[in-house]
Amino acid sequence: MPDYYEVIKEPVALSTLKYKLQNRGYGTFADFVRDCALIPHNAQTYNRPEAGAYQDALVIKSVMERELRQIAEENIISPQDAILPDLGEIPPASPRPAEEEEEDEDEDDEDDEEEEADDSEEEG
């Protein structure tokens, strides 16, 4: 992923959250929530909608929203702190380069050949 840092301007990983929590790197709870929100946002920004990482990001975001609502209902945080920040729209996926499409077609052809081989083994 050589272009990751060209596409993602604010990379955040779970290790970033851990480090900042351990070192009191968050001035406010909102700062922590923003970093949490950046993880799925970045995954959706960088990956295509059909990618596993993109789909996982949707699940992570949903779980975060549910958990933040829950702790707001328990009056641990304010309702406004339970809202994930707006980090901007997820850009539409750019067209795939032709060579990627060719690779996918080659993989599909290989899968078809394997299925045909499996079918002929079952018949024989």
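## Salt bridges in the model

A salt bridge is a side-chain nitrogen of Lys or Arg within 4 Å of a carboxyl oxygen of Asp or Glu. Side chains of opposite charge can pair when their charged atoms come close. A search of the whole structure finds 3 salt bridges.

The structure is a predicted model, in which local features need pLDDT of at least 70, side-chain atom pairs count only at pLDDT 80 or more, and totals for chains, interfaces and linings use all residues. Residues are numbered from 1 along each chain as its sequence is written, and side-chain values use heavy atoms, with hydrogens and water left out.

Helices here are DSSP runs (H or I, at least four residues), numbered from the N terminus.

Arg 34 is partly exposed, with a relative accessible area of 30%, and Glu 10 is also partly exposed, at 38%. In these terms, buried means under 20% relative accessible area, exposed means over 50%, and partly exposed lies in between (1.4 Å probe, protein chains only).

## The pair Asp 35 and Lys 20

The side chains of Asp 35 and Lys 20 meet in another salt bridge, at 3.0 Å from N to O. Asp 35 belongs to helix H3 and Lys 20 to helix H2, and the pair links distant parts of the chain, 15 residues apart. Asp 35 counts as buried, with 8% relative accessibility, whereas Lys 20 is partly exposed at 28%.

## The packing of H2 and H3

The axes of helix H2 (residues 14–22) and helix H3 (residues 29–46) come within 10 Å and cross at roughly 165 degrees. Axes are lines fitted to C-alpha atoms, for helices over the stretch in contact, and angles run from 0 to 180 degrees between N-to-C directions. H2 and H3 are therefore roughly antiparallel to each other, a term for angles over 145 degrees.

In the contact (heavy atoms within 4.5 Å), Leu 14, Leu 17, Lys 20 and Leu 21 of H2 meet Phe 32, Asp 35, Cys 36 and Ile 39 of H3. These residues divide into 6 nonpolar, no polar and 2 charged. Here Ala, Val, Leu, Ile, Met, Phe, Trp, Tyr, Cys and Pro count as nonpolar, Asp, Glu, Lys and Arg as charged, and the others, Gly among them, as polar.

## The pair Arg 66 and Glu 67

Arg 66 and Glu 67 also form a salt bridge through their side chains, at 3.8 Å from N to O. Arg 66 is partly exposed at 44% relative accessible area, and Glu 67 is partly exposed at 42%.

Technical notes
Helix = DSSP H or I, 4+ residues; strand = E, 2+ residues; numbered from the N terminus. Parallel < 35°, antiparallel > 145°, perpendicular 65-115°, else oblique.
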